[in-house]
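Biologist: I have a structure to go through with you. Can we take it piece by piece?

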Amino acid sequence: MGSISISFLSAAASATGSVASAASGTASGAATQSSPYSQFFTIGILVLMFVVMYFVLIRPQRKRQKEEEKMRTELEIGDEIVTIGGINGKIVTIKEDSLVIETSADRNKLRIKKWAIQTNVTKAAIKAEKGTKPAKKEKESE
């Protein structure tokens, strides 16, 4: 079936000659022109992609950064923290951009930068306690 249609098309093309080639040239030229609506559609798709990328990637990252910065500014002496390197310790002194922590029962002290703090264990424990409801105590009959 495929060879029949190819031979039919080649016979039709040779019969029409140059008129068919001229007509096909103008037809292919018209097919390559784009309408203004397709340009708006393309721009619309690009804008939509940027909006989706903002809400999927950029906005949650900024939210996390704000929460981390808030956690670091609310540090207090006596809070237990974990650094990004995995070091656990209790805050002894706080300065503008650094702090000193005790890391063990031997009272080893380390000076670290505030940006190196990953979590505040004390505040996380308080949030966890608030999030869980206390178990109801059963009334005992005497």
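Biologist: What span should helix 3 have, and how far apart are its end C-alpha atoms?
Modeller: Note that this is a predicted model. Helix 3 has 38 residues, and at 1.5 Å a residue it should span 56 Å. That agrees with the distance between its end C-alpha atoms, which is 53 Å.

Biologist: Where is the kink in helix 3 centred?
Modeller: Helix 3 covers residues 36-73. Its kink is about 40 degrees.

Biologist: Which element gives the most to the lining of the largest pocket?
Modeller: The lining has 13 residues. The most, 5 residues, comes from helix 4.

Biologist: Which residues lie nearest the centre of the largest pocket?
Modeller: The space in this pocket is about 360 Å³. By class, its lining has 3 nonpolar, 3 polar and 7 charged residues. Nearest the centre lie Met71, Asn120, Lys123, Ala124 and Lys127.

Biologist: Is threonine 83 buried or exposed?
Modeller: Threonine 83 sits in strand 1, residues 80-83. Its relative accessibility is 4%. Buried means under 20%. Threonine 83 therefore counts as buried.

Biologist: Which residues does threonine 83 touch, not counting those up to four places away in sequence?
Modeller: Contact here means heavy atoms within 4.5 Å. With residues up to four places away in sequence left out, threonine 83 touches Ile112, Ala116, Ile117 and Gln118.

Key. Residues are numbered from 1 along each chain as its sequence is written. This is a predicted model: local features need pLDDT of at least 70, side-chain atom pairs count only at pLDDT 80 or more; totals for chains, interfaces and linings use all residues. Side-chain values use heavy atoms; hydrogens and water are left out. On a 1 Å grid over the protein atoms alone, a cavity is a set of points where a 1.4 Å probe fits but cannot get out, and a pocket is an open set with protein on both sides within 12 Å along at least five of seven lines; lining residues have an atom within 4 Å of a point. Grid points are joined across faces, edges and corners, and a volume is the space filled by probe spheres set on the points. Helices (H or I, at least four residues) and strands (E, at least two) are DSSP runs, numbered from the N terminus. Ala, Val, Leu, Ile, Met, Phe, Trp, Tyr, Cys and Pro count as nonpolar, Asp, Glu, Lys and Arg as charged, and the others, Gly among them, as polar. The expected span of a helix is 1.5 Å times one less than its number of residues. The bend at a residue is the angle between axes fitted to the seven residues ending there and the seven starting there. Buried means under 20% relative accessible area, exposed over 50%, partly exposed in between (1.4 Å probe, protein chains only).
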